Amino acid sequence: MIIMGRTVITITQQLTETESMLAPFRRALRRSDQYIFDGIFAAARRHITAIGQNESLLPFESALLAIMLEQAKDIAALQHEIEQIKQRNG
Amino acid sequence: MDEQTGWLFDVYEHPRQGVSVWLLSDQGTRIHLLMDFPITFYAAGDFKLLRQAWIFLRENAQLARTRRQDLFIGERDVLRITLSRPALLANIIADLQRNFPALDYYDADIPISLRFITRTGVHLLGRCHVTHNGNLIQAIEPLDSPWQIEHAPMPLRVMILTPSVDPAHCPPSSLKVKYERVEYSLSVNPLRPFLIGLQADLLRFDPDLILTDHGDTWLFPNLAMWCKESGQQVDVNRDREKDVLTRRANSYFAYGQVVYRGAQAHLFGRWHIDRKNAMMFNEYGLDGVLEQTRVTGLGVQEMARKSPGAGITAMQMLTALKTGVMVPMHKQQAEGRKTLTRLIQADRGGLIYQPIIGIHRDVAQIDFSSMYPSIMVNYNISPENESVGLDALSLDVTRPSGLIPQTLKPLLEKRLQMKQMLSELSTKDCEIKSLRARAAALKWLLVVCFGYLGYKNARFGRIESHEAVTAISRELMLQAKEVAEDLGFTVLHMYVDSLFVQKEGVKDQSQFLPLLDAIRAQTKIAIALDGVYRWIAFPPSRKDARIPVPNRYFGIFQNGEIKVRGIEARRRDTPRWVANGQLKILSYLSKAASLDEIQSYLSHAREFVEQEKRKLKAGQVPVQELIVTQSLSRALDAYRSPSSAARAAGQLQSAGREVAPGQFMHFVFVRGAERVRVWDLGVDARMIDVKRYCEMLDRAVTGLVSGFETAEIRLGI
């Protein structure tokens, strides 16, 4: 790929590089776990702008935060759902 | 002494006397005048070398020592070199550069039209008053300004010449000639009557503009050859002393891809535009080219063929000439030193957000108008102003307006005025088409201006200014997001200069206006509501449905208008059959008044796809609809495994045709080992790879409808 006039690689590219670096790790996982693993990176990809905005030398630290954020969101949504089910069942 | 009033049609060097000036007079005559035109350029550097250059030049030029402004260095000692006429310049500057390569040269490669505009104040296509003695101009003065929106329309005589077929496909048998009410087909063979016929038309109608298809690559090169062979003369130029100026074809690298530019044929005293070789002609047509000529000062024939980048460079040169800043022949500014952290902070583009995947209802799209140029003007971003990143946000109001803001300000204001007028005109107004084209032409100049700040060969570029613009834009986008969230809106997506926002219970355009006002007040940049979508879809990545894609969306505005980005129908390499199929599906979906009714329209869409596939299998789809267009990204022998375009190019080459990188290949997918067949060599409908085309259509349609087909439409939380 040709990157015009840019000397710093983008966050998207850095994530892709990290992902390919972890390819042997992923390979050793069960197929069902691989799907979840890919989901973790997908979660980071939903916050590329925020990771970039942090202007850090180690963007993967921010990527981990983004992953945790998505997990926290999922947990909050599930908690909310449980509350509703509880209320419905009195 | 005679006097004339009219339009300045063209200016170019005269071989013996200053410049040739063509005037389109109010009486309807086309007048060729000459004007004495001494020109000045500068050399600077080591004094010993300058003294030697002085001795070298003293026979041929008027010389003086003086001080002039360099944009980056400030005032410096220079040798002023004045030549009696512009025709001498090319040889003298070549000699100087050979003998004194260490000197810096300024104002040495400025297009003659820009010098003329600076000296006389009369702009190209502008109204002027001329006093002349015989054919020699004594005085010339402007009667209008290029920044006026309304101007007296120039009564141009246009002749259109189109060959019967694309010459790349097979040799045309005839030429369609069209002017005023005349329209007929002139057979190319036998040659002599063809040439006599064409000459007669040119003499009778005396066109100002010859508009052709393939004139640069086929008509004019062949015409020259045919005239030579037959001894029959065809006067394509009005200036009989001149030959047609031809420029060779070339391939070059720009914006991450190889671009092919065909040969060019320029006329004198008359214009020639080849619609097939004019870069942006499809985008804004003749009205747009003329508008760009007016504001940039580059000749019509140049402007039609060059990128808007050449236009913005010319405008910067005009500003420099007018303000007494010298224009360096070569760029001297390299990127400054910075630390790694600083580089990571600076080297970034515009703000691109990740949209919330799904289909969302009642979404407003808000666009900043000309965001980057506005930032350059508002924050005085110019290469001579030292500022990195957000430092520019703390505005130094005492600093005079820089070269770039000075150049952009009138352009920006003119475009905003035009947009304002467009919003007030009725859609039936006959002015609207022309005004829209002119506004688009100005928009392109503004768009490329930002790119040229960071372009390594730009005369007045500087990467730090380029970075400052994107840094400020990111900051302003985040400010806009915060304003929207403070007012209770959900920001679904942000893309460089657009925001997509939604709020429960808000769906009318007027309800979004307070948000617009608040963003405008915060950012001080003009902002407009592009529209409110009944629904808009941000589809996920094809690889993983959990990953969003920033620049792919489609939606239906409240007025039923469809807007798409990044889907197959927008791509140049998608065959028409697939693109039209995709758009047709969207037009079915656009009939649903709201998202709740969409399911019933989906079944129509599915029926349509099956019907299209049956038509393809039955051979009822014209082969032209299946052509795929891709550019050749490198020379043929540089491919390790050939792409489809390379396979097509290989077939052309085997047939004895020349192919060059950047050239567009037109081909269709066929069955068997051949895989593709280049369109130029003829395609039999029975060869078509039906399965492959059906897959392409399926893929394109699935991308659109899969979001609706889930049991429950996600409403985006």
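Helices here are DSSP runs of H or I with at least four residues, numbered from the N terminus. I am working from a predicted model.

**Entry 1, Tyr372(B).** I looked up where Tyr372(B) sits and found it in helix H10 of chain B, which covers residues 371–378. Is Tyr372(B) buried or exposed? I noted 24 C-beta neighbours inside 10 Å, so Tyr372(B) counts as buried; the cut-off for that label is 20 or more. I then listed the contacts of Tyr372(B), leaving aside neighbours within four places in sequence, and got Phe450(B), Val469(B) and Ser473(B). I also checked Ile472(B): 100 residues separate it from Tyr372(B) in sequence, but the C-alpha to C-alpha distance is 9.0 Å.

**Entry 2, the sheet in chain B.** I traced an open sheet of five strands with mixed pairing, and wrote down its order as S7-S4-S6-S5-S19. Which strands stand at the edges? They are S7 (104–106) and S19 (325–326) of chain B; each has a single partner strand, so one side of each is left without a neighbour in the sheet. Next I took the pair S5 (residues 62–70) and S6 (residues 74–83) of chain B, which run antiparallel and are joined by nine bridges. In this pair I found Asp70(B) opposite Gly74(B) of S6(B). Helix H1 of chain B (residues 47–57) packs on the sheet, where I saw it touch S4 (39–44), S5 and S6 of chain B. The direction of H1 makes about 15° with that of S6(B).

I looked up the domain assignment of chain B, which gives domain 1 as 358–566 and domain 2 as 623–687. I noted 39 Å between the C-alpha centres of domain 1 and domain 2 of chain B.

Note on methods: Residues numbered from 1 in each chain as written. Chains lettered and ligands numbered in written order. Predicted model: local features only at pLDDT ≥ 70, side-chain atom pairs only at ≥ 80, totals over all residues. Domains from an automatic or database assignment. Buried ≥ 20, exposed ≤ 12 C-beta atoms within 10 Å, placed from the backbone. Contact = placed C-beta atoms within 7 Å. Pairing = 2+ DSSP bridges. Axes fitted to C-alpha atoms, helices over the stretch in contact; angles between N-to-C directions.
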